[in-house]
Amino acid sequence: MLHRRRRIAVVPGDGIGPEVIAVGLQLLEAINHHLQLNLEVVMKDWGATLWLQEGIGLPAGALDDLSANYDAIYFGALGDPRIPDMAHGKEILLGIRQGLDLFVNMRPVKLLDESLGILKNKQKIDFVVMRENTEDLYTFIGGNFKKGTMDEVAIDQSVHTRKGVERIIRYAFEYAQENKCQKVTLGDKSNAISFGGSLWQRVFKEVSREYPSIKADHLFVDVMAMEMVCHPGRFDVIVTSNLFGDILTDLGAGLVGGLGMSASANIYPGKIGLFEPVHGSAPDIAGKKQANPIAALLTAGMMLDFLSVPGVLLAIEQAVILAITNQEVTPDLGGLQTTSEVGQFVIRETIRCLLGE
Ligand code: ATP
């Protein structure tokens, strides 16, 4: 079957970003070849080097180009010790998230192999966090008063809009319905953060009534963090605001093998999506061939899933499980393999699985 052409913009970025994305691209190439997907990849050199050499973060016209000419963005990581305030990262990554209104940040928390679990209780861990991706403290509204003095005041505003809260909650319920999940759990801090908390509470109750077959559950976010550790098996879909989601998903990554295992998607349903591993540029291990590529490989699988290519994500997961059981893993998972060696193993096993071998 000849598939319609799908264009993917690839932003390897900084630090270990290019190392893990190189492996991800080899996986995409192999899948493209075997399944004849008609994928076209276009490289973008956005990142610290372009910023430092030419003062360019997100080039003029990039957002229009992305939304008009691409189906997805495959993203590595941004972050460089030479740019301590991450100014380029804010312009590029937050610029894309905000500019393309990618309001869903979806982060699966799935323990693929028991050996990676750190909890004594050995519960099944398989849930997904839907983090609101465009509001809250990440609108950078605020300022300083008497900056640099002993009387300094610093204010960051947490913004929650009716539209923003409703669409992420609705997406969480839609996802739950489509994926036969039983429950959506809201994580908020409405007992202490009155105005935004109340909005999340009211909208959650309202939207949940439209989905009577899905249980609507609620936890204060501090209790939710504890429950993710004590009873992770109770969660199906979590929906939460931007800052809480940021923190909870790193906790989630810790439960399933660390940052090298966690994939994520930034989505505006029906439009373009940006797919990136949860980890950052990890300058401490950049250039040492130690970066775990599994997060980037699972991310590529999520991207193909989003592009309506069925079965690939599952095949990648099976290959990753095999890599873990065979100790074909990088040092963060206790192995001795390099980024590229792990990549070759997972790519080979993914293709085998897809071809039914
Ligand atoms: P940034 O500023 O870009 O977010 P960071 O080092 O502060 O970078 P992360 O890159 O998210 O934050 O990583 C935190 C630590 O986790 C790293 O120092 C690194 O040791 C480890 N780590 C992250 N990603 C990976 C990976 N893919 N493989 C192995 N270790 C990783």
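Student: Which word describes how helix 1 and helix 9 lie relative to each other?

Tutor: Quick note: this is a predicted model, where local features need pLDDT of at least 70, side-chain atom pairs count only at pLDDT 80 or more, and totals for chains, interfaces and linings use all residues. Residues are numbered from 1 along each chain as its sequence is written, and side-chain values use heavy atoms, with hydrogens and water left out. Helix 1 (residues 17-35) packs on helix 9 at about 45°, axes 8 Å apart; axes are lines fitted to C-alpha atoms, for helices over the stretch in contact, and angles run from 0 to 180 degrees between N-to-C directions. Under 35 degrees is roughly parallel, over 145 roughly antiparallel, 65 to 115 roughly perpendicular and the rest oblique, so helix 1 and helix 9 are oblique.

Student: How many nonpolar residues does the contact of helix 1 with helix 9 have?

Tutor: Helix 1 brings residues including Val20, Leu27 and Ile31, and helix 9 brings, among them, Ala300 and Met303 (contact means heavy atoms within 4.5 Å). Ala, Val, Leu, Ile, Met, Phe, Trp, Tyr, Cys and Pro count as nonpolar, Asp, Glu, Lys and Arg as charged, and the others, Gly among them, as polar. This contact has 1 polar residue, no charged ones, and the nonpolar count is 10.

Student: What is the relation between helix 9 and helix 10, roughly parallel or roughly antiparallel?

Tutor: Helix 9 (residues 294-306) and helix 10 (residues 312-325) pack at about 160°, with axes 8 Å apart. Helices here are DSSP runs (H or I, at least four residues), numbered from the N terminus. That angle therefore makes helix 9 and helix 10 roughly antiparallel.

Student: How many charged residues are in the contact of helix 9 with helix 10?

Tutor: Asp305 of helix 9 and Glu317 of helix 10 are among the residues that meet there. The contact divides into 9 nonpolar, 1 polar and, for charged, 2.

Student: What about helix 10 and helix 11: which handedness does their crossing have?

Tutor: The axes of helix 10 and helix 11 (residues 339-354) come within 8 Å and cross at roughly 130°. A crossing is left-handed if the near helix is turned anticlockwise from the far one by less than a right angle, and right-handed if clockwise. For helix 10 and helix 11, the crossing is right-handed.

Student: How far apart are the centres of domain 1 and domain 2?

Tutor: The assignment gives domain 1 (1-108 + 257-357) and domain 2 (118-255), with bounds from an automatic or database domain assignment. Taken over C-alpha atoms, their centres are separated by 24 Å.

Notes
Helices (H or I, at least four residues) and strands (E, at least two) are DSSP runs, numbered from the N terminus.
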